[in-house]
Amino acid sequence: MALLTLRNIHLAYGMAALLDGVNMSLEPGERVAVAGRNGEGKSTLLKVINGDAQADSGELTRQDGLTTAYLTQELPPGIEGTVFDVVAEGLGEAGRLLERFHHLSQAAAAGDMEALDKMGPVQSQLDAIDGWSLQNRVETTISRLSLDPEAQFAALSGGLKRRVWLARELVQRPQLLLLDEPTNHLDVAAIRWLEEFLVESGLTVVFISHDRQFMESVATRILELDRGQIYEHPPTIEAFRQRQAERLETEATQRAEFDRKLAQEENWVRQGIKARRTRNEGRVRALQALRRKRAERRERSGQVKMKLSPEQRSGRLVIEAEHADFGYDHPIVRDVNLLLQRGDALGIVGPNGAGKTTLLRGLLGQLEPLAGSVKLGTQLEIAYFDQARARLDEATTVQDAVSEGRDRVMVNGESRHILSYLEDFLFPPARARQPVSALSGGERNRLLLAKLFLRPANLLVLDEPTNDLDVETLELLEQLLIEYTGTVIVVSHDRSFLDNVATSTLVLPGDGTVEEFVGGWTDLPERVTRRLLESEAGRTTEAPPDAAKEAPANPPPAAPEPAAPRKLSYKDARELEALPAHIESLEGEQVSLTTAMTEPETLRDGERMRKLQARLEEVESELAVCYERWEQLESD
């Protein structure tokens, strides 16, 4: 039996209907991805399902007792308290009682006798509502999501805040989970964790996401929202794009036939008196019906038209870093060695807080290295895409945010009216005159791209450009960057985007080290992705600071005295002595191979690239064996 059913749902804000006769149903255990262009009404659909928005007409049927949790795209501002407080509040009044008891018990344990006196009445109230099982539920949920219950919510990163808010929703034990852009601002490890959690949880999930790999990993089907209508697709991006293209092609054929018939009837009615004879009144009424149908037709908005070409070529050398340390009082990233040449596309990946922004500032010359050197090439024109959207004035109009008060702008050496230019980015004149504050997240990203592409630049620096962009715009941006003749540096957690754009990738695991590899995410060696994911996960799975203070009821028996270390044999001792030099030699070869594979000549020579890649894999495999043997001999 369906958990929820929508029948002929209509909802309009302004002239165009966001939902125009929508029909859908959700079965238990389904994981449904909602796709569509920015502004099509995807978030509105989730609000209708959750009951936050009332449809103008139609029927919404829920299974009796259906509980729903909704993780919105933006978290409410001004949230304070510990992780335990925020999660417990998801239980309403019972949660607030738990929160109060939690703090009183901590104060009492610290010797506050007044808190001990206040615990009694609160404990009685919790007994009356079976609050102890609720407390266990809160603690279990926090533990399951690898959170520190005593951490201050305000001090957490954006990704951890969303995880806490997800715990707040999950503690209600919902049957239906609604997620609006859950991967925004999450690093790769957090995205992978969320994928596994949703698949293994057994929950019914409806989510909006433009992360293509996340969609394919989680969804059991894809629903496309286009001009108020819902279309169902298989849960792969390739099948989704194929079916969408087939549907649009069929629609274009049908509309062309409709327009041909309408033109034929219009031509007939203009013939004069014959059309007004009684016996032809039915044909006239049919023509009027055709006119009404044509007037009601909703045209699909055009595609974003992004064009970018550097007005001036940079020198062959763009950025060269040698043993550079970047940081402020102390190094955050260490021993950076990089040779970036004209035409390269460098991806940067790592957990939140690993130093990616510091690295960017250092490479662009905005931050002096603490050690080593950084050399910038000649004739560089840099355009920077700001992840924090800080360069958009909320109070100004869309038009003025890009043109800065001018009526005309220069686009690739051509003078264009600002309204015409903005239409290339799907901002019609009426939308272009609205304030920036009225834009959705995806529209703001498009506006930033429109502003960015007006600058003559031969070095593009893009910090998380994929957040909120719909799939079509994302694919067009990828194509633009692939064809771009300048140099690109992109920071992203979108694995598919890195695979499609990056010619090499810098990996920052979070321990201050930096490694460069040829290709995108899937080209990284397994040991690197494993290390990266483990280091990212380690930032959120550390034991709570107070956990060590809790003494067990029965102390464990004393640990036995460690056995005396076994003396190495002569052969093992010689092997241990020789290993460091061998490892250093292999690491040197690894660096040489990686450098050779980043050279433009090698990238154009497929046969040489294959040989270098094969040798690199052999070296990395041998290194892994040497590391393991070294640890084994050292521990003996």
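In this predicted model, strand E10 (residues 317-327) and strand E13 run antiparallel and are joined by five bridges. One of the pairs is Ile 319 with Leu 376, the latter being its bridge partner in E13. E10 and E13 belong to an open sheet of three strands, ordered E11-E10-E13, with antiparallel pairing. Strand E11 (331-341) and strand E13 (371-376) are the edge strands, each pairing on one side only. On average, neighbouring strands of this sheet are turned by 15 degrees against each other, direction ignored. Helix H11 (residues 356-363) lies across E10, E11 and E13 and runs at about 130 degrees to E10.

Strand E5 (residues 68-71) pairs with E6 in the parallel sense over four bridges, and Leu 177 of E6 is the bridge partner of Ala 69. E6 is also joined to strand E7 (residues 204-208) by five bridges, again running parallel. Here the bridge partner of Leu 177 is Val 205 of E7.

Nonpolar side chains tend to be buried together in soluble globular proteins. The largest nonpolar core in this model has 54 residues, and those with the most contacts inside it are Val 138, Leu 177, Leu 198 and Phe 207. Apart from neighbours within four places in sequence, Leu 198 is in contact with Arg 31, Leu 177, Leu 179, Val 205, Phe 214 and Val 218. A second, separate core has 47 residues, among them Leu 419, Ala 450, Phe 453 and Leu 474.

Two packed helices are described by the angle between their axes and the distance between the axes. Helix H3 (residues 93-109) and helix H5 (residues 131-144) pack at an angle of about 80 degrees, their axes 10 Å apart. H3 and H5 are therefore roughly perpendicular to each other. On the H3 side the contact is made by Ala 94, Leu 98 and Phe 101, and on the H5 side by Gly 131, Trp 132, Leu 134, Gln 135 and Val 138.

Further along, Phe 240 lies in helix H9 (residues 237-269). Phe 240 counts as buried because its relative accessibility is 3%, and the cut-off is under 20%. Leaving aside neighbours within four places in sequence, Phe 240 is in contact with Ala 35, Ile 222, Glu 224 and His 233. Of these, Glu 224 is 16 residues from Phe 240 in sequence and 8.7 Å away in space, C-alpha to C-alpha.

The last element considered here is helix H16 (residues 471-483). At 1.5 Å a residue, its 13 residues should span 18 Å, and the end C-alpha atoms are 19 Å apart, which agrees. The buried residues of H16 are Val 471, Glu 472, Thr 473, Leu 474, Leu 477, Glu 478, Leu 480 and Leu 481. An α-helix has 3.6 residues a turn, so residues three or four places apart point the same way. Leu 474, one of the buried residues of H16, is included in the second core.

Conventions
Residues are numbered from 1 along each chain as its sequence is written. This is a predicted model: local features need pLDDT of at least 70, side-chain atom pairs count only at pLDDT 80 or more; totals for chains, interfaces and linings use all residues. Side-chain values use heavy atoms; hydrogens and water are left out. Helices (H or I, at least four residues) and strands (E, at least two) are DSSP runs, numbered from the N terminus. The expected span of a helix is 1.5 Å times one less than its number of residues. Buried means under 20% relative accessible area, exposed over 50%, partly exposed in between (1.4 Å probe, protein chains only). Two strands pair if DSSP finds at least two bridges between them. Axes are lines fitted to C-alpha atoms, for helices over the stretch in contact, and angles run from 0 to 180 degrees between N-to-C directions. Contact means heavy atoms within 4.5 Å. A nonpolar core is a set of buried Ala, Val, Leu, Ile, Met, Phe, Trp, Tyr and Cys residues joined through side-chain atoms within 4.5 Å. Angles under 35 degrees count as roughly parallel, over 145 as roughly antiparallel, 65 to 115 as roughly perpendicular and the rest as oblique.
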